[in-house]
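Thanks, everyone. I'll keep this short. Have a look at the next slide.

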Amino acid sequence: MNSTRLEQIERLARERDLPDAAFAALLTGLTPEEEAALYAAARAACERCYGQDVYLRGLIEFTNYCKNDCYYCGIRRSNAAAQRYRLSETEILDCCAQGYALGFRTFVLQGGEDGFFTDARICRIVSGIRGRYPDCAVTLSVGERPRASYQAFFDAGAERYLLRQETADAAHYARLHPPELSSENRKRCLWDLKEIGYQVGCGLMVGSPGQTEQHIIADLRFMQALQPHMIGIGPFIPHRDTPFRDFPAGTLADTLHLLAILRLMFPDVLLPATTALGTIHPRGRELGIQAGANVVMPNLSPAQARGKYLLYDGKICTGDEAAACRDCLERRIASVGRRVRVSRGDCRRGRSTAPEPEPRR
Ligand code: SAH
């Protein structure tokens, strides 16, 4: 049995795909030896494409107002205990100025689905950033919008968009969301973004309530069809003021296994070691990098805001200043023998494998 799983890991590394039953076997428990083989194969695949580089993205959480009521999320509209905030356009640009001085060349603007930020406002913010910092990439993560809005953001200069599918299985999606939200529309958004020309990031929470191996396999098949440039995964973590308060968090092992499987399936994908992973284990992000991840996203939000962008309990990095956050992550990455890159770090799909030279800071 053990040798069978080791063979499956080798086959996955070679063919980037497995039959469902073999994926299920890798997702339902590995011996320490199998685990080590999986992570080593994932690290090797990452290194062939990206060398020793780990990319830093500056994350700006610009609003926690949200019109949606996702059962897992701490900033859902029904959570009356959440202290709401939104950053002004000036505050957002100030975050970018601070981030630029720290060397960041990618800004990720993430928020709840906040009607205050109309298409026109988002476009003005995006073009404001691109105008001031033409050498920087802007990534948006503002949820589901009509295709015309995505097109307008793209035309304003946003080149990347993060929108996790959360789960590719419609029934499981309905277990995690109220009836007005659908898996079908979520996927429609992802396909629209792809067709418009964005570098698209999808993803899911590991261990969300009701999730089975079969659901994860459906996610893997969906991602094979979508061919995303980025995949964001992290453990589900309960939030005390949500309907899912009593469900257990996803585990470190399950998250690391899935990160490694994704690296082997999609060798050139940008794969973050997420804050949620760092929250369930003190060295979660370092372990994520050792399992095949190659992106980390230090927080650039102003200190008074980041303590309020609480999607789940226990979120780390809610007190640090941007510079401290960057230094801390740089040290963590160096501790696992890797090198921080702040350049735009586009997905290396179809490009030569030699790492790009880093511009001097
Ligand atoms: N409104 C945007 C951004 C959502 S927040 C959007 O719809 O895409 C980013 C991600 O955080 C979500 O996609 C979800 O996967 C994750 N998240 C939300 N609540 C969480 C929780 N309790 N535990 C772990 N991750 C969570």
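How far is a nitrogen atom of the ligand from a polar backbone atom of Gly111? The distance is 2.9 Å. By polar contact I mean a pair of N or O atoms within 3.5 Å; within protein, one must be able to donate a hydrogen and the other to accept it, and residues adjacent in sequence count only if both atoms are side-chain atoms.

Some ground rules. This is a predicted model: local features need pLDDT of at least 70, side-chain atom pairs need 80 or more, and totals for chains, interfaces and linings use all residues. Numbering runs from 1 along each chain as its sequence is written, and side-chain values use heavy atoms, without hydrogens or water.

Arg164 puts a side-chain N or O atom 2.9 Å from a ligand oxygen. Arg186 has a polar side-chain atom 3.2 Å from an oxygen of the ligand. On its own, the ligand has 550 Å² of accessible area (Shrake-Rupley, 1.4 Å probe). The protein covers 91% of that.

Now the backbone. Most residues other than glycine have a negative phi. Gln227 is not a glycine, yet its phi is positive, about 50 degrees. Cys317, also not a glycine, has a positive phi of about 65 degrees.

Buried or exposed? Buried means under 20% relative accessible area, exposed over 50%, partly exposed in between (1.4 Å probe, protein chains only). Gln227 is partly exposed at 33%. Cys317 is buried, at 18%.
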